[in-house]
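Dear colleague,

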Amino acid sequence: MRKFNPKIDTDPYDRSSRYIAISSRCAHLGCPVRWVDAAERFICPCHGGVYDLLGKRVGGPPVRPLDRFYTRVSGEAVQIGPRFSVNSELRRFSPRDPGEPIDGIGQYLYPSRPTAQKP
Amino acid sequence: MPKLPKLPAPPLPSALQAPPPRPGEQNGAAGPIEQAKEAGTTVVDWVDERTSLSGTGRWLLFRKVPKGTNWFYTLGSATLFAFLSQAVTGVFLAMYYRPDPAGGAYESIRHVTNEVFLGQFVRGMHKWGSSVMVILVFLHMGRVFFFGAYKYPRELNWVIGVVLLILTMVMSFTGYLLPFDQRAYWATIVGVNINGTGPLIGPYLSDFLRGGGEFGATTLSRFYAIHMLLVPGLIVALIGAHLYLVTKLGTTAPPWQKAKERAELLEAEV
(Lines give C-alpha, C1' and ligand atoms only; values in the text may rest on other atoms or scores of the structure.)
Protein backbone atom coordinates (compact mmCIF):
# COMPACT_ATOMS: atom_id res chain seq x y z
CA MET A 1 0.00 0.00 0.00
CA ARG A 2 1.23 3.50 -0.75
CA LYS A 3 -0.01 7.03 -1.08
CA PHE A 4 -1.56 8.24 -4.34
CA ASN A 5 1.19 9.85 -6.39
CA PRO A 6 -0.05 11.95 -9.34
CA LYS A 7 3.30 11.54 -11.09
CA ILE A 8 3.05 7.73 -11.16
CA ASP A 9 -0.67 7.03 -11.02
CA THR A 10 -1.54 8.70 -14.30
CA ASP A 11 -4.23 6.31 -15.46
CA PRO A 12 -7.67 8.00 -15.65
CA TYR A 13 -9.45 5.25 -13.70
CA ASP A 14 -7.20 5.84 -10.68
CA ARG A 15 -7.91 9.51 -9.95
CA SER A 16 -10.33 9.06 -7.05
CA SER A 17 -8.23 7.06 -4.61
CA ARG A 18 -5.93 8.69 -2.07
CA TYR A 19 -4.15 5.43 -1.29
CA ILE A 20 -3.29 2.59 -3.64
CA ALA A 21 -3.49 -0.96 -2.19
CA ILE A 22 -2.20 -3.67 -4.49
CA SER A 23 -2.88 -7.36 -3.81
CA SER A 24 0.07 -9.75 -3.60
CA ARG A 25 -1.94 -12.51 -5.32
CA CYS A 26 -0.36 -13.20 -8.70
CA ALA A 27 -2.79 -12.80 -11.60
CA HIS A 28 -1.38 -15.91 -13.25
CA LEU A 29 -2.32 -18.72 -10.84
CA GLY A 30 -2.49 -17.14 -7.41
CA CYS A 31 0.96 -17.51 -5.87
CA PRO A 32 2.15 -14.66 -3.61
CA VAL A 33 4.29 -12.04 -5.42
CA ARG A 34 6.89 -10.01 -3.52
CA TRP A 35 8.61 -6.71 -4.24
CA VAL A 36 12.21 -7.23 -5.34
CA ASP A 37 14.29 -4.11 -4.65
CA ALA A 38 17.07 -5.03 -7.07
CA ALA A 39 14.66 -5.36 -9.99
CA GLU A 40 12.21 -2.67 -8.75
CA ARG A 41 9.44 -5.03 -9.76
CA PHE A 42 6.89 -7.41 -8.19
CA ILE A 43 8.06 -10.94 -9.00
CA CYS A 44 6.13 -14.17 -8.55
CA PRO A 45 8.16 -17.19 -7.34
CA CYS A 46 6.00 -19.85 -9.00
CA HIS A 47 6.13 -19.20 -12.73
CA GLY A 48 8.06 -15.96 -13.07
CA GLY A 49 5.35 -13.35 -13.47
CA VAL A 50 6.78 -9.80 -13.32
CA TYR A 51 4.81 -6.60 -12.53
CA ASP A 52 5.83 -2.96 -12.23
CA LEU A 53 5.11 -0.56 -9.37
CA LEU A 54 1.53 -0.05 -10.59
CA GLY A 55 0.93 -3.80 -10.68
CA LYS A 56 0.87 -3.86 -14.46
CA ARG A 57 2.30 -6.89 -16.15
CA VAL A 58 5.86 -6.48 -17.41
CA GLY A 59 6.69 -10.08 -18.25
CA GLY A 60 5.85 -13.70 -17.71
CA PRO A 61 2.56 -15.55 -17.97
CA PRO A 62 0.07 -13.31 -16.08
CA VAL A 63 -2.98 -12.29 -18.09
CA ARG A 64 -3.82 -9.00 -16.32
CA PRO A 65 -2.39 -6.59 -13.71
CA LEU A 66 -2.37 -7.37 -10.00
CA ASP A 67 -5.70 -7.01 -8.21
CA ARG A 68 -6.29 -4.03 -5.92
CA PHE A 69 -8.30 -3.23 -2.80
CA TYR A 70 -10.60 -0.32 -2.06
CA THR A 71 -9.13 2.01 0.53
CA ARG A 72 -10.54 4.74 2.70
CA VAL A 73 -9.07 7.07 5.32
CA SER A 74 -10.69 6.95 8.73
CA GLY A 75 -9.04 9.42 11.11
CA GLU A 76 -5.39 8.42 11.36
CA ALA A 77 -5.89 4.96 9.82
CA VAL A 78 -6.11 3.77 6.24
CA GLN A 79 -8.65 0.98 5.91
CA ILE A 80 -8.62 -1.77 3.28
CA GLY A 81 -11.92 -2.67 1.63
CA PRO A 82 -12.99 -5.37 -0.83
CA ARG A 83 -10.83 -6.69 -3.63
CA PHE A 84 -11.34 -5.66 -7.24
CA SER A 85 -9.64 -6.64 -10.47
CA VAL A 86 -8.31 -4.24 -13.08
CA ASN A 87 -7.69 -4.62 -16.78
CA SER A 88 -4.54 -3.45 -18.51
CA GLU A 89 -5.84 0.16 -18.46
CA LEU A 90 -6.55 -0.15 -14.71
CA ARG A 91 -10.29 -0.04 -15.33
CA ARG A 92 -12.15 -1.64 -12.41
CA PHE A 93 -13.99 -4.97 -12.57
CA SER A 94 -15.54 -7.24 -9.95
CA PRO A 95 -12.89 -9.57 -8.51
CA ARG A 96 -11.89 -12.32 -10.89
CA ASP A 97 -9.90 -15.45 -10.11
CA PRO A 98 -6.27 -15.57 -11.14
CA GLY A 99 -5.66 -16.74 -14.70
CA GLU A 100 -8.80 -15.08 -16.06
CA PRO A 101 -8.13 -12.29 -18.54
CA ILE A 102 -10.57 -9.34 -18.54
CA ASP A 103 -9.31 -7.43 -21.55
CA GLY A 104 -11.50 -7.56 -24.65
CA ILE A 105 -13.49 -10.77 -24.98
CA GLY A 106 -12.05 -12.07 -21.68
CA GLN A 107 -14.59 -10.14 -19.62
CA TYR A 108 -17.38 -12.14 -21.27
CA LEU A 109 -15.58 -15.51 -21.25
CA TYR A 110 -14.87 -15.19 -17.52
CA PRO A 111 -18.00 -13.56 -16.14
CA SER A 112 -18.50 -12.21 -12.64
CA ARG A 113 -19.98 -14.78 -10.27
CA PRO A 114 -22.64 -14.56 -7.56
CA THR A 115 -20.08 -15.59 -4.92
CA ALA A 116 -17.76 -12.74 -5.87
CA GLN A 117 -18.39 -9.41 -4.17
CA LYS A 118 -19.35 -6.62 -6.56
CA PRO A 119 -17.22 -3.49 -6.37
CA MET B 1 -25.64 -70.58 -22.92
CA PRO B 2 -22.74 -72.83 -23.94
CA LYS B 3 -21.83 -75.70 -21.70
CA LEU B 4 -19.18 -74.57 -19.23
CA PRO B 5 -16.01 -76.63 -19.01
CA LYS B 6 -15.47 -78.78 -15.95
CA LEU B 7 -12.96 -77.67 -13.35
CA PRO B 8 -9.64 -79.38 -14.05
CA ALA B 9 -8.61 -82.08 -11.58
CA PRO B 10 -5.71 -81.09 -9.32
CA PRO B 11 -2.46 -82.45 -10.77
CA LEU B 12 -1.65 -84.65 -7.81
CA PRO B 13 0.23 -87.97 -8.13
CA SER B 14 -2.09 -90.92 -7.73
CA ALA B 15 -0.57 -91.85 -4.37
CA LEU B 16 -1.77 -88.56 -2.87
CA GLN B 17 -5.23 -88.58 -4.35
CA ALA B 18 -8.08 -89.63 -2.14
CA PRO B 19 -9.00 -93.28 -2.75
CA PRO B 20 -12.47 -93.97 -4.08
CA PRO B 21 -14.96 -94.93 -1.39
CA ARG B 22 -15.11 -98.57 -0.44
CA PRO B 23 -18.21 -100.40 -1.52
CA GLY B 24 -20.01 -100.45 1.84
CA GLU B 25 -19.19 -96.87 2.93
CA GLN B 26 -21.68 -94.95 0.92
CA ASN B 27 -24.53 -97.18 1.97
CA GLY B 28 -26.35 -96.26 5.10
CA ALA B 29 -26.16 -93.00 7.04
CA ALA B 30 -22.86 -91.10 7.02
CA GLY B 31 -21.04 -91.14 10.34
CA PRO B 32 -19.91 -87.97 12.12
CA ILE B 33 -16.40 -88.19 10.64
CA GLU B 34 -17.76 -88.38 7.12
CA GLN B 35 -20.07 -85.46 7.87
CA ALA B 36 -17.18 -83.39 9.18
CA LYS B 37 -15.13 -84.24 6.09
CA GLU B 38 -17.94 -83.08 3.86
CA ALA B 39 -18.73 -79.90 5.82
CA GLY B 40 -16.78 -77.53 3.56
CA THR B 41 -18.25 -79.02 0.42
CA THR B 42 -21.71 -78.88 1.93
CA VAL B 43 -21.47 -75.16 2.70
CA VAL B 44 -20.12 -74.35 -0.76
CA ASP B 45 -22.84 -76.49 -2.35
CA TRP B 46 -25.50 -74.81 -0.24
CA VAL B 47 -24.43 -71.35 -1.44
CA ASP B 48 -23.88 -72.49 -5.01
CA GLU B 49 -27.30 -74.11 -5.24
CA ARG B 50 -28.89 -70.77 -4.35
CA THR B 51 -26.63 -68.39 -6.31
CA SER B 52 -24.97 -70.35 -9.16
CA LEU B 53 -21.80 -68.51 -8.22
CA SER B 54 -19.56 -71.35 -9.36
CA GLY B 55 -20.69 -70.80 -12.94
CA THR B 56 -19.82 -67.11 -12.63
CA GLY B 57 -16.48 -68.05 -11.12
CA ARG B 58 -15.67 -70.37 -14.01
CA TRP B 59 -16.86 -67.75 -16.52
CA LEU B 60 -14.57 -65.21 -14.88
CA LEU B 61 -11.46 -67.30 -14.34
CA PHE B 62 -11.32 -70.08 -16.97
CA ARG B 63 -11.13 -68.07 -20.16
CA LYS B 64 -9.51 -68.79 -23.48
CA VAL B 65 -6.45 -66.60 -23.94
CA PRO B 66 -5.06 -65.91 -27.41
CA LYS B 67 -1.66 -67.13 -28.46
CA GLY B 68 1.11 -64.57 -28.05
CA THR B 69 -0.23 -63.16 -24.79
CA ASN B 70 2.79 -61.72 -23.00
CA TRP B 71 3.90 -59.70 -19.99
CA PHE B 72 2.51 -56.45 -21.42
CA TYR B 73 -0.96 -57.89 -20.81
CA THR B 74 -0.33 -57.81 -17.06
CA LEU B 75 -0.22 -54.00 -16.88
CA GLY B 76 -3.98 -53.79 -16.33
CA SER B 77 -3.79 -56.23 -13.42
CA ALA B 78 -0.82 -54.27 -12.08
CA THR B 79 -2.93 -51.09 -12.15
CA LEU B 80 -5.72 -52.91 -10.36
CA PHE B 81 -3.25 -54.05 -7.71
CA ALA B 82 -1.94 -50.49 -7.34
CA PHE B 83 -5.52 -49.32 -6.79
CA LEU B 84 -6.17 -52.04 -4.18
CA SER B 85 -2.95 -51.09 -2.42
CA GLN B 86 -4.07 -47.44 -2.39
CA ALA B 87 -7.46 -48.48 -1.01
CA VAL B 88 -5.99 -50.56 1.82
CA THR B 89 -3.32 -48.04 2.86
CA GLY B 90 -5.88 -45.26 2.46
CA VAL B 91 -8.27 -46.96 4.89
CA PHE B 92 -5.51 -47.15 7.50
CA LEU B 93 -4.53 -43.51 6.94
CA ALA B 94 -8.18 -42.48 7.30
CA MET B 95 -8.18 -44.03 10.78
CA TYR B 96 -5.75 -41.32 11.90
CA TYR B 97 -6.45 -38.36 9.61
CA ARG B 98 -8.45 -35.32 10.76
CA PRO B 99 -9.63 -32.91 8.02
CA ASP B 100 -9.19 -29.91 10.31
CA PRO B 101 -7.80 -26.82 8.56
CA ALA B 102 -6.83 -25.13 11.85
CA GLY B 103 -3.63 -27.14 12.16
CA GLY B 104 -5.28 -30.47 13.01
CA ALA B 105 -4.82 -31.95 9.55
CA TYR B 106 -1.09 -31.24 9.49
CA GLU B 107 -0.75 -32.39 13.08
CA SER B 108 -2.52 -35.70 12.40
CA ILE B 109 -0.28 -36.34 9.39
CA ARG B 110 2.77 -35.55 11.51
CA HIS B 111 1.44 -37.94 14.16
CA VAL B 112 1.01 -40.74 11.58
CA THR B 113 4.45 -40.17 10.12
CA ASN B 114 6.44 -39.84 13.33
CA GLU B 115 4.62 -41.70 16.06
CA VAL B 116 2.22 -44.37 14.78
CA PHE B 117 3.69 -47.88 14.46
CA LEU B 118 4.59 -48.40 10.77
CA GLY B 119 2.74 -45.13 10.03
CA GLN B 120 5.57 -43.71 7.97
CA PHE B 121 5.65 -46.93 5.94
CA VAL B 122 1.90 -46.95 5.25
CA ARG B 123 1.87 -43.26 4.39
CA GLY B 124 4.89 -43.74 2.14
CA MET B 125 3.15 -46.62 0.40
CA HIS B 126 0.12 -44.39 -0.19
CA LYS B 127 2.18 -41.43 -1.37
CA TRP B 128 4.52 -43.28 -3.72
CA GLY B 129 1.80 -45.74 -4.69
CA SER B 130 -0.23 -42.89 -6.14
CA SER B 131 2.60 -42.06 -8.55
CA VAL B 132 3.03 -45.76 -9.35
CA MET B 133 -0.68 -46.01 -10.13
CA VAL B 134 -0.60 -43.03 -12.50
CA ILE B 135 2.45 -44.46 -14.28
CA LEU B 136 0.86 -47.90 -14.57
CA VAL B 137 -2.38 -46.41 -15.89
CA PHE B 138 -0.44 -44.68 -18.67
CA LEU B 139 1.62 -47.80 -19.48
CA HIS B 140 -1.61 -49.85 -19.63
CA MET B 141 -3.16 -47.25 -21.90
CA GLY B 142 -0.06 -47.31 -24.12
CA ARG B 143 -0.21 -51.11 -24.33
CA VAL B 144 -3.88 -51.02 -25.37
CA PHE B 145 -3.18 -48.29 -27.90
CA PHE B 146 -0.11 -49.81 -29.55
CA PHE B 147 -1.60 -53.32 -29.62
CA GLY B 148 -4.77 -51.93 -31.24
CA ALA B 149 -6.85 -53.44 -28.45
CA TYR B 150 -9.21 -50.44 -28.39
CA LYS B 151 -10.81 -51.36 -31.72
CA TYR B 152 -14.24 -52.89 -32.32
CA PRO B 153 -15.86 -54.31 -30.21
CA ARG B 154 -13.84 -52.84 -27.33
CA GLU B 155 -14.41 -49.07 -27.85
CA LEU B 156 -16.67 -48.79 -24.81
CA ASN B 157 -13.96 -50.30 -22.65
CA TRP B 158 -11.54 -47.66 -23.94
CA VAL B 159 -14.02 -44.93 -23.03
CA ILE B 160 -14.47 -46.36 -19.52
CA GLY B 161 -10.68 -46.51 -19.25
CA VAL B 162 -10.37 -42.82 -20.16
CA VAL B 163 -12.90 -41.95 -17.44
CA LEU B 164 -10.87 -44.05 -15.00
CA LEU B 165 -7.72 -42.16 -16.04
CA ILE B 166 -9.45 -38.84 -15.32
CA LEU B 167 -10.72 -40.12 -11.97
CA THR B 168 -7.17 -41.23 -11.08
CA MET B 169 -6.01 -37.68 -11.82
CA VAL B 170 -8.81 -36.31 -9.62
CA MET B 171 -7.61 -38.59 -6.83
CA SER B 172 -4.04 -37.33 -7.20
CA PHE B 173 -5.19 -33.70 -7.21
CA THR B 174 -7.50 -33.95 -4.20
CA GLY B 175 -5.10 -36.13 -2.22
CA TYR B 176 -2.29 -33.61 -2.62
CA LEU B 177 -4.07 -31.04 -0.43
CA LEU B 178 -4.70 -33.35 2.52
CA PRO B 179 -1.31 -32.96 4.34
CA PHE B 180 -2.17 -29.24 4.41
CA ASP B 181 1.38 -27.96 4.53
CA GLN B 182 2.68 -24.98 2.55
CA ARG B 183 3.41 -27.07 -0.54
CA ALA B 184 -0.06 -28.64 -0.52
CA TYR B 185 -1.76 -25.28 0.06
CA TRP B 186 -0.05 -23.38 -2.75
CA ALA B 187 -0.11 -26.29 -5.19
CA THR B 188 -3.86 -26.57 -4.69
CA ILE B 189 -4.33 -22.81 -5.14
CA VAL B 190 -2.48 -23.06 -8.43
CA GLY B 191 -4.40 -26.19 -9.43
CA VAL B 192 -7.80 -24.70 -8.66
CA ASN B 193 -6.86 -21.55 -10.58
CA ILE B 194 -5.83 -23.67 -13.57
CA ASN B 195 -9.35 -25.13 -13.45
CA GLY B 196 -10.63 -21.57 -13.37
CA THR B 197 -8.94 -20.65 -16.64
CA GLY B 198 -11.40 -22.78 -18.59
CA PRO B 199 -13.66 -20.34 -20.45
CA LEU B 200 -17.30 -19.88 -19.34
CA ILE B 201 -17.58 -22.77 -16.85
CA GLY B 202 -14.06 -22.42 -15.42
CA PRO B 203 -14.92 -19.80 -12.76
CA TYR B 204 -17.89 -21.86 -11.56
CA LEU B 205 -15.78 -25.04 -11.45
CA SER B 206 -13.16 -23.40 -9.26
CA ASP B 207 -15.92 -22.00 -7.01
CA PHE B 208 -17.24 -25.55 -6.62
CA LEU B 209 -13.79 -26.95 -5.80
CA ARG B 210 -13.04 -24.25 -3.24
CA GLY B 211 -16.51 -24.24 -1.74
CA GLY B 212 -16.82 -20.48 -2.34
CA GLY B 213 -15.04 -17.53 -3.83
CA GLU B 214 -11.97 -17.89 -1.62
CA PHE B 215 -9.84 -20.81 -0.53
CA GLY B 216 -11.09 -21.49 3.00
CA ALA B 217 -11.96 -24.01 5.69
CA THR B 218 -14.58 -25.67 3.49
CA THR B 219 -12.03 -26.46 0.82
CA LEU B 220 -10.15 -29.07 2.87
CA SER B 221 -13.24 -31.01 3.96
CA ARG B 222 -14.58 -30.81 0.43
CA PHE B 223 -11.37 -32.24 -1.03
CA TYR B 224 -11.36 -34.88 1.73
CA ALA B 225 -14.91 -35.97 0.86
CA ILE B 226 -14.13 -36.08 -2.85
CA HIS B 227 -10.90 -37.98 -2.20
CA MET B 228 -12.28 -40.69 0.04
CA LEU B 229 -16.00 -40.99 -0.68
CA LEU B 230 -16.99 -39.76 -4.12
CA VAL B 231 -14.16 -40.78 -6.42
CA PRO B 232 -13.27 -44.18 -4.85
CA GLY B 233 -16.89 -45.29 -5.26
CA LEU B 234 -16.92 -44.20 -8.89
CA ILE B 235 -13.57 -45.90 -9.52
CA VAL B 236 -14.71 -49.19 -7.97
CA ALA B 237 -17.93 -49.17 -10.02
CA LEU B 238 -16.11 -48.37 -13.26
CA ILE B 239 -13.36 -50.95 -12.61
CA GLY B 240 -16.18 -53.48 -12.24
CA ALA B 241 -17.63 -52.46 -15.61
CA HIS B 242 -14.13 -52.47 -17.14
CA LEU B 243 -13.41 -56.01 -15.91
CA TYR B 244 -16.86 -57.25 -16.93
CA LEU B 245 -16.23 -56.08 -20.48
CA VAL B 246 -12.74 -57.62 -20.50
CA THR B 247 -14.22 -60.96 -19.44
CA LYS B 248 -17.14 -60.68 -21.81
CA LEU B 249 -15.10 -59.70 -24.89
CA GLY B 250 -11.83 -61.51 -24.13
CA THR B 251 -8.35 -60.16 -24.75
CA THR B 252 -6.81 -59.49 -28.12
CA ALA B 253 -3.89 -61.28 -29.70
CA PRO B 254 -0.85 -59.06 -30.26
CA PRO B 255 -0.83 -57.47 -33.72
CA TRP B 256 2.13 -59.54 -34.93
CA GLN B 257 0.27 -62.80 -34.20
CA LYS B 258 -1.13 -64.19 -37.45
CA ALA B 259 -4.21 -66.37 -37.29
CA LYS B 260 -3.52 -69.87 -38.54
CA GLU B 261 -5.66 -70.43 -41.60
CA ARG B 262 -7.73 -73.54 -41.47
CA ALA B 263 -7.07 -75.96 -44.31
CA GLU B 264 -10.69 -76.22 -45.46
CA LEU B 265 -10.90 -72.43 -45.87
CA LEU B 266 -7.88 -72.18 -48.15
CA GLU B 267 -8.60 -71.88 -51.82
CA ALA B 268 -7.23 -74.74 -53.81
CA GLU B 269 -4.32 -73.86 -56.07
CA VAL B 270 -5.41 -73.99 -59.68
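In this predicted model, strand S7 (residues 68–74) of chain A pairs with S8(A) in the antiparallel sense over 6 bridges, where a strand is a DSSP run of E of at least two residues, numbered from the N terminus, and pairing requires that DSSP finds at least two bridges between the strands. Across this pair, Arg72(A) has Gln79(A) in S8(A) as its bridge partner, and the hairpin formed by the two strands leaves 2 residues between them, with Gly75(A) in the turn at a positive phi of about 65°.

Strand S8 (residues 77–86) of chain A also pairs with S9(A), again antiparallel, over 2 bridges, and here Val86(A) is bridged to Arg92(A) of S9(A). The hairpin of S8(A) and S9(A) has 5 residues between the strands, and Leu90(A) adopts a positive phi near 65°.

These strands belong to an open sheet of 5 strands in chain A, ordered S1-S2-S7-S8-S9 with antiparallel pairing. Strands S1 (2–3) and S9 (92–93) of chain A are at the edges and have a single partner strand each, so one side of each lacks a neighbour in the sheet.

As to conventions, residues are numbered from 1 along each chain as its sequence is written, while chains are lettered from A and ligands numbered from 1 in the order in which they are written. Because the model is predicted, local features need pLDDT of at least 70 and side-chain atom pairs count only at pLDDT 80 or more, whereas totals for chains, interfaces and linings use all residues.

Best regards

Technical notes: Helices (H or I, at least four residues) and strands (E, at least two) are DSSP runs, numbered from the N terminus.
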